[in-house]
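Please read this briefing alongside the sequence and the 3D view. It takes up one residue in some detail and then turns to a whole chain.

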Amino acid sequence: MGKYDIQVYTEKCTGCLRCQLACSDLTSKAFNPLLSKIQVFISNSGECTIHFTEECNQCGICVDHCFYDAMQKNEKEVDK
Amino acid sequence: MIRGGFSGSILHVDLTHRKITIEPLDAALAEKYIGGLGLTIRLAYDEIKPGTDALSPENPVVLGAGPLVGTSLPSSSRVYAVSKLPTSNTIGWCGAGGANFGYLFKNAGFDHIVIKGRADQPVYLKIIDDDVEICPAGDLWGLGVEEADAVLRKKYEDRIGVLSIGQAGENRVPFSMAFVDRISTLGRGGLGAVFGSKNLKAVMVRGTRGIKVADRKRYKSLTKSFLKTIREYPYLKEWQDLGLVKSFPMIPKEEYFGMKKRRMACVSCPIGCKDLVEIPDGEFKGLTKHTSSVINLYTPVLYGFKDYRESVKCMATIDAYGLDMFEFFGIMGFVRSLLDNGVIPRDLPGSEIALDSLHSMEEWARKISFRDGFGDVLAGGFKNIIDTFGKEAEKLSPALVKGMHPYAGPNSALPWNLFGTMELGQILDPRGPHVGSGGSPTYFARRPLAVFPKHLTRMGVPQEDIKRILPGYGSPDQQQGLEVGKLLKYSHRWFTLLGSLGICARAAINRFYNAELCAEFYETVTGIQTSLPDLRQRVDRVWTLLRIANLREGFAENDEAPPESWFNTPGFKNYLTDEPLAREDAEQMIGDYFEEWGWDRKTGTPSRSLLKELDLKEL
Ligand code: SF4
Ligand code: SF4
Ligand code: SF4
């Protein structure tokens, strides 16, 4: 079970991929954005989607690396 | 030994013989030239035969991305190209940021590509990790920059980096550029035409090999505090919101916010200064446009456009063709004055030339890009126009440096008149009058001298050199002066350092870097033992080699003579005193600049002892 609920605000995303850099480094010990568990995509006309793959464990590290407030994390309520 | 940062291979592409070879990176050479811009210059030096015609198959294009590109270091996005450039005939560097190209290119396993030859039909280069292929570009040829980019993104399902040219490049217009990820410009000076001459429409890349860091523990601790500094910067939000409008307050903020659709950032950049805009209303409502700088979208306004929406539309057209906007408007202004002065018969051009008219400017951008009718004469650039219309035309020509229009200065596109390093750099950057900040404190502002020592220290200038740049510095009774010529050396050095690592030099981000930290990052990422003095010496090697490369092409001191109009009234002014700049002042600065590098004061030829010191003697 992960630790955070992650909220995305796609309108603020710049496509800087700092989140993908950080996530890929966590798991592969190398910067490899295409293998990241968060995938950000901005279309030619500027529509943005932020998608988490099934392997994402909601650790929230990617959120810490975003400088544009395009994501927010809240601690998950853990069932006792 | 290299343990990180670099991808480890150089891709060689021979378009004539359709031959692709992959060679391991020469680690010793990489270390000697840092990587990125530095190593790109060295590889180009080895590949370019002196006197090569810029548009011949023999002229190589060398592309490179520095060892920090692909890491999470802020704004490690830069991609460089070095080639012989057709407008200026110099061996010039071209640089761009970009959303995807740099990191995906590195992730495909390459630090550089050397492209030579000429394909027998339009092609693009596909690089997907090891899978490198020269592909037919029939469906791309004839498309604008954004269109070609979009076709490739659709075909390869988006996760790609793209370097592409427009129709002006295809038709070898010498002032055409290439674009990186359709948002960053690469190569005022004619890189677009060099690509076009090779029948090469685009390079697309995707890679998943991963970029490793040599010392992960140290990287973590260094970046942690570095990112904290950026996060806590009190103006961070303002920079993120305004981007370059912060430095150019003449752009009405309500217009900017009204059309800004999305702030865009190059890969890894925490500030972001690029934009996707959408015209909010009027005839062109809904038109979207990516731009490297919203300032560029206002260039037509500088030439008389009244409506910013028309200005954006005009720039969308100019960028789609891949024309260099400064050269384009400079040429149109020149031709207008030739018409007004009767040097060109009024009916010769075939259609109206009005610099404040969208219809007229779009029409001429098209005619030039397709070399249609009189557009073909203009497509040859200033030199061709002067050759065609002779002495009378020459008299009316705006200031030219190495055949190009310097865009900052009196009577130039950016009517800025203080003579700082950027302005002097328009004659002393070997590639010609295409300059940026280089991180210098004199960039587009008059700053108090009191802030210079701190700024220079950050750029890595040793204390004893600061005393020469700022005479009187440190002594309470002496008034402080400013030696612009000497300062330019350190500005070039700082820029070359950042470029060789792969870091953006725009003011928004480079303010957070300092030279000491750069040496630490380089060592941490690559594993190559490096102190700041080592790094300085490597940078000096790079910039001196670029000098040698251009001396080898036959450039000499008279190519670096300041244009006469800089001293007419109203001409440039002294950066500190507002006194009109005299030719002797500028000449003194040129000598100072050369001397500061250890080059001959008059000719700018590096001395033998310097070559020995920099280990360039064999060249
Ligand atoms: S929450 Fe963790 S695992 Fe999921 S995408 Fe973000 S960094 Fe990767
Ligand atoms: S770090 Fe933030 S702004 Fe950058 S791509 Fe990820 S979500 Fe978007
Ligand atoms: S400051 Fe601008 S040009 Fe530089 S890396 Fe960031 S977005 Fe790109």
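This is a predicted model: local features need pLDDT of at least 70, side-chain atom pairs count only at pLDDT 80 or more; totals for chains, interfaces and linings use all residues.

**B:Ile41 and its surroundings**
- B:Ile41 has a relative accessibility of 3%, and because buried means under 20%, B:Ile41 counts as buried.
- When its neighbours within four places in sequence are left aside, B:Ile41 is in contact with B:Val82, B:Val542, B:Leu545 and B:Leu546.
- B:Tyr80 lies 39 residues away from B:Ile41 along the chain, and the C-alpha atoms of these two residues are separated by 9.2 Å.

**Fold and dimensions of chain A**
- Chain A contains two helices and four strands, and, read from the N terminus, its elements follow the order β-α-β-β-α-β.
- The radius of gyration of chain A is 13 Å, close to the 12 Å that the globule rule gives for 80 residues, so chain A is as compact as a globular protein of that length.
- The C-alpha trace of chain A spans about 45 × 30 × 20 Å along its principal axes.

**Contacts, burial and surface of chain A**
- Of the contacts in chain A between residues at least 6 apart in sequence, 56% join residues at least 24 apart.
- Buried residues account for 49% of the 80 residues in chain A.
- The accessible surface of chain A is about 4300 Å², and carbon and sulfur atoms contribute 48% of this surface.
- Chain A carries 8 positive and 11 negative charges, whose mean positions are 7 Å apart.

Methods:
Residues are numbered from 1 along each chain as its sequence is written. Chains are lettered from A and ligands numbered from 1 in the order in which they are written. Side-chain values use heavy atoms; hydrogens and water are left out. The radius of gyration is taken over C-alpha atoms; the globule rule is 2.2 Å times the number of residues to the power 0.38. Buried means under 20% relative accessible area, exposed over 50%, partly exposed in between (1.4 Å probe, protein chains only). Contact means heavy atoms within 4.5 Å. Accessible areas come from the Shrake-Rupley method with a 1.4 Å probe; for residues, only the protein chains shown count as cover. Lys and Arg count as positive and Asp and Glu as negative; His and the chain ends are not counted. The place of a charge is taken as NZ of Lys, CZ of Arg, CG of Asp or CD of Glu.
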